Every structure is written in C-alpha cells, then in structure tokens.
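Work through the exercises below with the sequence and the 3D structure at hand. Each task is followed by a solution in steps.

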Amino acid sequence: MVDNKTPLAYRMAPESLDEYVGQEDIIGKDKMLYRLIKADRLSSIILWGPPGCGKTSLARVIANTTKNKFERLNAVNAGVADIKRIVEDTENPLMNPSGKVVLFIDEIHRFNKLQQDALLPYVENGTVILIGATTENPYFSVNKALISRSTVFKLKELTIDDVFKVLKNAISDTRKGLGNMGIKVSDEVLHMIAELSSGDVRVALNAIEIAALTTEMNEDGEIVVTKEVALECIQKKKVEFDKSGDSHYDNISAFIKSMRGSDPDAVLFYLARALYAGEDPMFLARRIAICASEDVGMANSNALVVANAALQAIHQIGMPEARILLAHAATYVARSPKSNAAYLGLEKAMADVGSKDTGTIPMHIRNAPAEGMKEEGYSVGYKYPHDFPNHQVEQQYLPDKMLGTKYYEADETEEEI
C-alpha cells in the first residue's frame, strides 16, 4: 500500500525499467546500461546530470532489480565510518552470501578525497558496485582513480514531452498518483508546467500536487487546475545552473564567446540567464572588461573605457539597476570590431621569455639611478624621442638575440591612432 502522505515526486518514481521515462540515449532497450541492469551484471557507474533528470530514480530501479544487497548513502551526511560499516556487513557471509553490495551514493561530489579513497579498494576488488550520482562534472569532482574504475553516464535534462508524460501518469495513476482525486487539468496546462520545470520532473510533480491539494472541488466534485492555479503553485522557473555549479562555467563561457562572436542577442540571453540565477554582477562586469581588451583590443580601444566605466558604476549602484549597465557594456563589446593582436603578441612574447635565452636588455635603455652607473655604460647613448622631429627616433630596444622578432601584428580592423 502506497503512503499518500509521502510527496508525489517520491511516490511516482519508477519501480522498473519499463516505467522509467527519458534518457533513451543511455537506458533505451538496445543500450548497454539497460542490458546490464536487466541481466543484473552492473559494474560501477557514475550518473552525471542536472537535478530532477532521473539519477536517483535509476538507482531505485536498480535496487528493485538486483539480487545483490543494496545500500544507499548521501554524501552530505555520510562518512568513512558508514562506508566501513557497509563493507563489514557485506563481507559477512552470514549476512550477505554473495559478498557484494550495490552502493548508491547521492551527491558523491561532496565526498572529500579521504572518503573517496576509502571506497577505492572495495570498488577495485568488486566488493562494492558503486552507483555515484552527481550534478557536478565528475572529471573535476571525483577522484581519477574512482573514475577510471567506473563508467560515466551523462544524463540530459528531461524534455518537455518526458515531463508531460510523467505528469499525465501522475494524474491518472490510482495507486501511487492522484488518480482518485478527480483532477481535471488540460494538456495545455500540463505542457506549461512541464516547460516551466526546465527538465526537473520533481519541480513539475510538486507543482501539480500542490495545485491538487490546495484547490477546492467544484459543484461537480472535480478539482479543476487552471493555468492561473498552476502558475501560483510552480516554483520560479528554474535556471539550468547555479552560481557554483559546473553549468555556471558553461554559461559564462557562452556569454564570453557570444561577445567575441559579435552576437548581441546571444549576449543578452546568456546575461539574462546569469542574472536570473543570481550571478554576482561584478563578476560579469570583470568578464566584460577582459573581453573588451582581449577580443576588441586595438580595433576599438573605447570598448575598454566603456567596460571599465560600467565596472566602476556597478560597484557604486548595485542591483537591480546594475543589469542595465551590464547590458550596455556587453552589447557595446559585442558590436565592436574585433582584434586580438595585442593579446596574441603578448602570448608569443611570454612563450619566448619562458623557453628561450632572450639575451640582455641593451645598455642604452637601462636605468641609471645611482651615481657611477653611467660609467658602467648604463643609459649611455639613449636617444630621448621628444628631442627629435615627430617625437620619434630610430634606436634599438630589443635585446641583440631578439632583434627582428615580431610580436605585434596589426590587422585591418585596428583603429586609427
């Protein structure tokens, strides 16, 4: 008997592979993971994907299908002692004749190095069949040794159609869902909830459950969930990334590349995503200033002036008005002509300085602050450009070993100076 006091999102979690919705690329009937689970021959895996995409649900399906002992830990509140306890129980032939355990660790990226290292020997010898779930890039957040002994599966955000299907099941299911409540809701409203959930099925199920529980029956004994009711019940539309998550870097990368690529529409889109998710406006302003110099550079030096002015003004003004300054500076940078000649020139010079014998600074352009240094040749023969016509004069500036080296290559976009 299903306890209807538990949240709908938990009750509607799939119990078998046939009930699992979405992720056809990795869990479809002809895919390796499907076959491994069905045959109960699963080896250690890492499930990586955004919240609400089905990582925990897949672990529950495995728990229902495997003949091995199944244990679950949450990395937020578990430690090395919990791992040791599970391993000791697993290795006890009276308690567990198979000598194996399928261990699901939710949010495995929150385990520190010591905790992850404690798992390693048991994963390696097959005592622990690890199922790690993470919203963070495991190649950054999980030990390389664990990664090398596991298969990483990247789960995608569920599609609107996937979430819609789950919602339809939830309102019709009389055993686990809301099928006995007499809910009347149009496909249009369900599609709206699915779209606003941004692929997080928990958000969608929570919304329809709240709507059902807080809406009074009409005279016909129906609970009618209208568009207005649904909008009141769903959370603020979820943005795919949080400020510290892996997708944060994807979004800022897309923002910078859109400025570099001169696409102001894309720039404003990624800026809006960042602001909606609560990104620090000063962080965004610094990225704009960097792009103004690195990518616009000598093609329009005023871009750096605009970006720096925005950076200073945002510090003084703050949100929400700071978003206007960010949009101004970012679109100015995006629409400016581009030249990375200064940046590339510096990179070449840095490479030479770090890998070559570049010689010594010519004596005539060295400093001679102390008495007697000129007698050693410091600053002797230096030609002061302002003493010559047009304030220019030919003389050697590069070391002898670097004479003739070209670092700065002006291009056709460079502004007139």
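The exercises go from the whole chain to single pairs of side chains.

The model is predicted: local features need pLDDT of at least 70, side-chain atom pairs count only at pLDDT 80 or more, and totals for chains, interfaces and linings use all residues. Residues are numbered from 1 along each chain as its sequence is written, and side-chain values use heavy atoms, without hydrogens and water.

**Exercise 1.** State how many helices and strands the chain has, and decide whether the chain is spread out or a compact globule.

*Solution.* Step 1: the chain has 18 helices and 7 strands (DSSP runs, H or I of at least four residues for helices, E of at least two for strands, numbered from the N terminus). Step 2: its radius of gyration is 31 Å, whereas the globule rule gives 22 Å for 417 residues (C-alpha atoms; the rule is 2.2 Å times the number of residues to the power 0.38). Step 4: the C-alpha atoms fill a box of roughly 95 × 60 × 40 Å along the principal axes.

**Exercise 2.** Explain which parts the salt bridge between glutamate 209 and arginine 11 ties together, and whether each residue is buried or exposed.

*Solution.* Step 1: the two side chains meet at 3.7 Å, N to O, within the limit for a salt bridge (a side-chain nitrogen of Lys or Arg within 4 Å of a carboxyl oxygen of Asp or Glu). Step 2: glutamate 209 lies in H11 and arginine 11 in H1, so the pair ties together parts 198 residues apart in sequence. Step 3: glutamate 209 is buried at 12% relative accessibility, and arginine 11 is buried at 6%.

**Exercise 3.** Say whether lysine 401 and aspartate 357 are buried or exposed.

*Solution.* Step 1: they form a salt bridge, with the closest N and O atoms 2.4 Å apart. Step 2: both residues are exposed.

How values were computed: Buried < 20%, exposed > 50% of the residue type's maximum accessible area, 1.4 Å probe, protein only.
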